[in-house]
Structures are given as C-alpha cells and as structure tokens.
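Take a first look at the sequence and the 3D structure below. Then read on for a short tour.

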Amino acid sequence: MTVSLSPVLSARHISVNLGGKQILDDVSIDVSPGELKVLIGPSGAGKSTFLQCLNFLIPPDTGIISLESHEIDAKNPRALSLYRRQVGMIFQDFNLFDHLTAVDNVAIALRKVAGLSRDEARRRAMAELDRVGLSQKSGLYPAELSGGQKQRVAIARALAMDPKVMLLDEPTSALDPELVGEVLAVIRDLAAGGMTMIMATHQMDFAQALATEILFMEQGRIIEQGSPAELLAPGSGTRTGDFCRRLLDAAPAAAKD
Amino acid sequence: MTELLLAKLSVILDALPYILEGTLVTILTVAGSLALGFVVGVPMAVLEVYGPRWSRCLIRTYVWFFRGMPILLLLFLFYFGLFELIGLNLSTIAASCLVLGMASAAYQSQIFRGSIQSLPAGQLRAALALGMRESEGILYIVLPQALRLSIPGWSNEFSILLKDSAMCFVLGTPEIMARTHFVASRTYEHLALYLTAGVLYFCITLVGVSLLRCLERKVRIPGYASVNGSF
Ligand SMILES: Nc1ncnc2c1ncn2[C@@H]1O[C@H](COP(=O)(O)OP(=O)(O)OP(=O)(O)O)[C@@H](O)[C@H]1O
Ligand SMILES: [Mg+2]
C-alpha cells in the first residue's frame, strides 16, 4: 500500500504577490488519495487564490507543485494542459459555458481536449449528467438552470475528464440555502467514492462530518491544521474553533432575513 | 404635369437596369470589405485582448491610423499612392474591397474587442481549468459568445460601410453612385435619379439589417433577453 501513502497532489512553499500585496505566503499542502481537505478562513484569507494557484490559473511566484510525485512545469503548455485535465476545478460562480447546453458543457472538453468523437463525448457527458442527477436537463442552457443545477453540471463537467483530484472553491456559497443540500449531496457521494478533494467552504457541518483534515487560512498563511475532531473539540481553544462558533452564531441571524 | 412625371419616369426606367447592375457591384464591394474586415478584425481583437504587448501596440496603431483618416483620403492614398508605388494592379472593385476592408477591420476589431471584454473572465478560466489551451478556449468558448454579442454592432458597421462604399466611385468603381452620377450628368434628371439611388441604398440597408436580425434571433442563447423584447 505504498501508493496510498504518496500524495496525489503536493504543493510546497507557494507564495504569490499580487499588486504589491503578499496574498499567499509560503503555503504548502499534501493530499493523499481519497482525502478531503477543507480550507476555511475569513474572507480575503487567500483560499480562492491558493486553489487557483494549484492549477496555475494564477501562476505562483515561487513554490513547487507535483502530481503523483511529478513536478509540473507550467512553462510547458502540453504539460500544463495534461496536468489541468487531471485536476478538476469547481468555481464559486459555476462558470458554465453560457452558449452551450448542459450536455455540451460536459462534452466540449471531452471532444476538444480528450479527443473523443462527437458521439462518444455525448454518451460520456450524458453518463456524467446522470451521475449528478441531471440527465433530464441535458438540453437546457445554463440560463435555464437553477444555481444548484448549474453547480452540479459544473461538477459533471469536471468529472468527465477523470480527474485525480478536485479543487472546489466554495461550491455552495453562491446558492440559495435550499439548493445547498443537493450540491453537498453530490460532493458527499464523491467523497464516499474515494475522490481526492481540496475544498474551500464555510459549510462547517459538512467539513466536520467529512473532512480528513481542516486547514485554517488567514492573511495568506495556513495557521492551523488538523482533523476536525482536534480543531473543533469544545474547549480546544483553536482559532478554527473560534471561527466556526462565530459562523454558527451568525447563521441563524442570516437565515431569518 | 402628368407628362412631365411620365418623362421623368421613363428616364428612371431607362437608367434602372444600368444602375441596378451597379447595385450588384455595391453589394459585392460591401460583402467583400465586410468579409475582409471580419477575417482581419477578429484576430486583431483577440490579439489586442490576449496577445503580447508588442501586438497590442501594433494593433492600436493600425486602428488609430484607419479610424483617423477619411475613407476618401484612404482610397486616394492607397489606390493612386501605395498601389501605384508597389505596382499592385488591381481592378477598381478589388481595390475598393481592399481599402474599405482594411478600414473596416479597424472598426470591426473594436466591436469584437468590446464583446470579448464584456464576457466574464471565468469563461476562459473554466476552459483552461479543463485543460484547453488558451487558443482553444478562445476559439471554442470566448469567440462563439463574443461573436453573438457583436451582431448589433456589426449590423451598424454594415450600414455605415454600405454608405462609405459610395465613395468608391472616385476610383471609377462602377457601383450605384458612379452609375447614377454618370446618367444624371447626361440627362440632368438629378432629383429623380439620386432619389432612385437613395431608395436602392435604403433597400439594401433594410434587407441587410433584417438578415442580421434574423441571424441574431437564430443564434440567440435561450435564457437571454430576446431581440423582440419578450423574455
Ligand atoms: N488580482 C488581484 N490583485 C490584487 N489583490 C488581489 C487580487 N486578487 C485577489 N486579491 C486579494 O487577495 C486576497 C485574497 O483573496 P481570495 O479571493 O483568495 O480570498 P478568499 O479567502 O477566497 O476570500 P473569500 O472567502 O471572500 O472567497 C484578498 O485580500 C484580495 O483582495
Ligand atoms: Mg474565495
């Protein structure tokens, strides 16, 4: 079982400076197969920046990123494209391709990147939509879908590339409360199926139940990390615990309006 | 009175086949220029948004040059000046298409640039995250959306270019304006003949703009506001 010990994705000493501001300061992470790492932290901590660094959408100034022990050379377009295929990304605001139907959103990269034929891509895309419970909606355009449905299409789109790891940037924070559940259910299924994931979220119940590790970020650094049990135990006195209690206190107030 | 009108009518009717032939030349010139402007304008817009710094400077200079000069001057400058100098022997129609097309590329590039920049940055980011190259993301994700958004602006460019094409008569291009001028200077029926030419331009504009509106409706993305104002 040596395989399961070596990380799927490893990022070492990632630093990013944007507009003269140190956004990420020496951040490192290792994810082993089947792990779900949860990033939490206040707004502006750098969670989105970090996740985008992990697939070079924001190129890090310094640091090394490796997939299954192979260091990624982001200067090489072929290598970068191959790497990104294997790292699925889910955005807070979905970013579905607005001019394509749900099924074509999933199929386009299968055709243009993975090189499948139109029919094969369509078949595979339908299978992925089925997996997130949306095969009935395959012909609809993004503007005709609810937020929860959009995010599930986005997940199907990422899954279609057979990623080795998924990065999820607050996948439910743009959703109406009643739609959060359907998206979390899909992510829960993924976790149960052994998908390796790094997820930024403010859904603390979800994190507590499913995270293998929680990383607490603030001002571009990871200042605490550990299992949910360690960090969230009552009386643990951790920043993470503090932060979560404040979130939970705020939640009922937010639910009222 | 009726006799006078009939006389005018017969002048128009006599001249009509000749002027209508010019309509074909006008349409050909406009279609050629628009096509050239499109083929050059789209890559220009893409390079101006995504390209390296030097390409951006180059394109801005090009746009500045062609937008900064009257069409009439450009026609003279290229046809009698540059083409003459480099020994480029073009038919008047081809020369008209080339000059109008290069100028139109400058305008069209800015229509497309506006559309590209109005798209959320997340569209290209999502394409890259799936493993598409930047060029693939632009081709399959950005441009299909940007071109849809460009149709109203492009329709504007069409109607302006159509009227600019009348300038080509100075090169001797046998289009509507040149032929009308030719007949009018012989028959002295200026009012009736130029009115006829005006109606022809008017009709071409109407047909072209209607076709573009049809196209706009046809490629409309469901869920977006429609051209009819219904939602
Ligand atoms: N292009 C940029 N130029 C300068 N600063 C930036 C840029 N993009 C982000 N930032 C800054 O980087 C910091 C981290 O932003 P980031 O979006 O990563 O935070 P986050 O932890 O994801 O916050 P949230 O919970 O609100 O999503 C913020 O202070 C933000 O203002
Ligand atoms: Mg964020």
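This is a predicted model: local features need pLDDT of at least 70, side-chain atom pairs count only at pLDDT 80 or more; totals for chains, interfaces and linings use all residues.

Residues are numbered from 1 along each chain as its sequence is written, chains are lettered from A and ligands numbered from 1 in the order in which they are written, and side-chain values use heavy atoms, with hydrogens and water left out.

**Salt bridges**

Side chains of opposite charge can pair when their charged atoms come close. A salt bridge here is a side-chain nitrogen of Lys or Arg within 4 Å of a carboxyl oxygen of Asp or Glu. Over all chains, the whole structure holds 15 salt bridges. Three of them are listed here.

| Pair | N to O distance |
|---|---|
| A:Lys37 and A:Glu35 | 3.8 Å |
| A:Lys164 and A:Glu68 | 3.2 Å |
| A:Glu218 and A:Arg239 | 2.8 Å |

Start with A:Lys164 and A:Glu68, which form a salt bridge. A:Lys164 sits in the loop between helix H6 (147-159) and strand E7 (165-169) of chain A, and A:Glu68 in the loop between strand E4 (62-67) and strand E5 (70-71) of chain A, so the pair ties together parts that are 96 residues apart in sequence. Helices (H or I, at least four residues) and strands (E, at least two) are DSSP runs, numbered from the N terminus.

How accessible are these residues? Buried means under 20% relative accessible area, exposed over 50%, and partly exposed in between (1.4 Å probe, protein chains only). A:Lys164 is partly exposed at 33%. A:Glu68 is partly exposed at 39%. A:Lys37 and A:Glu35 are both buried.

Next come A:Glu218 and A:Arg239, also joined by a salt bridge. A:Glu218 belongs to strand E9 (residues 213-218) of chain A and A:Arg239 to helix H10 (residues 239-256) of chain A, so this pair links parts 21 residues apart in sequence. A:Arg239 is partly exposed, at 36% relative accessibility.

There is also a network of salt bridges: A:Arg124, A:Glu128, A:Arg131 and A:Asp162 are linked in it.

**Cavities**

The whole structure has two cavities of 30 Å³ or more. A cavity is a set of points on a 1 Å grid over the protein atoms alone where a 1.4 Å probe fits but cannot get out; lining residues have an atom within 4 Å of a point.

The largest cavity holds about 40 Å³ of space. Its lining includes A:Met89, A:Phe91, B:Ala126 and B:Leu130. H6 of chain A and helix H5 (121-129) of chain B each supply at least two lining residues. H6(A) gives the largest share, three residues.

The second largest cavity has a volume of about 30 Å³. Among its lining residues are A:Arg84, A:Arg85, A:Gly88 and B:Ala129. Helix H3 (77-85) and strand E6 (87-90) of chain A each give two or more residues to this lining. E6(A) supplies the largest share, three residues.

**Around ligand 1**

Polar contacts are pairs of N or O atoms within 3.5 Å. A polar backbone atom of A:Gly46 is 2.9 Å from an oxygen atom of ligand 1. A polar side-chain atom of A:Ser48 is 2.7 Å from a ligand 1 oxygen. For A:Thr49, a polar side-chain atom lies 2.5 Å from an oxygen atom of ligand 1.

Definitions and conventions. On a 1 Å grid over the protein atoms alone, a cavity is a set of points where a 1.4 Å probe fits but cannot get out, and a pocket is an open set with protein on both sides within 12 Å along at least five of seven lines; lining residues have an atom within 4 Å of a point. Grid points are joined across faces, edges and corners, and a volume is the space filled by probe spheres set on the points. A polar contact is a pair of N or O atoms within 3.5 Å; within protein, one must be able to donate a hydrogen and the other to accept it, and residues adjacent in sequence count only if both atoms are side-chain atoms.
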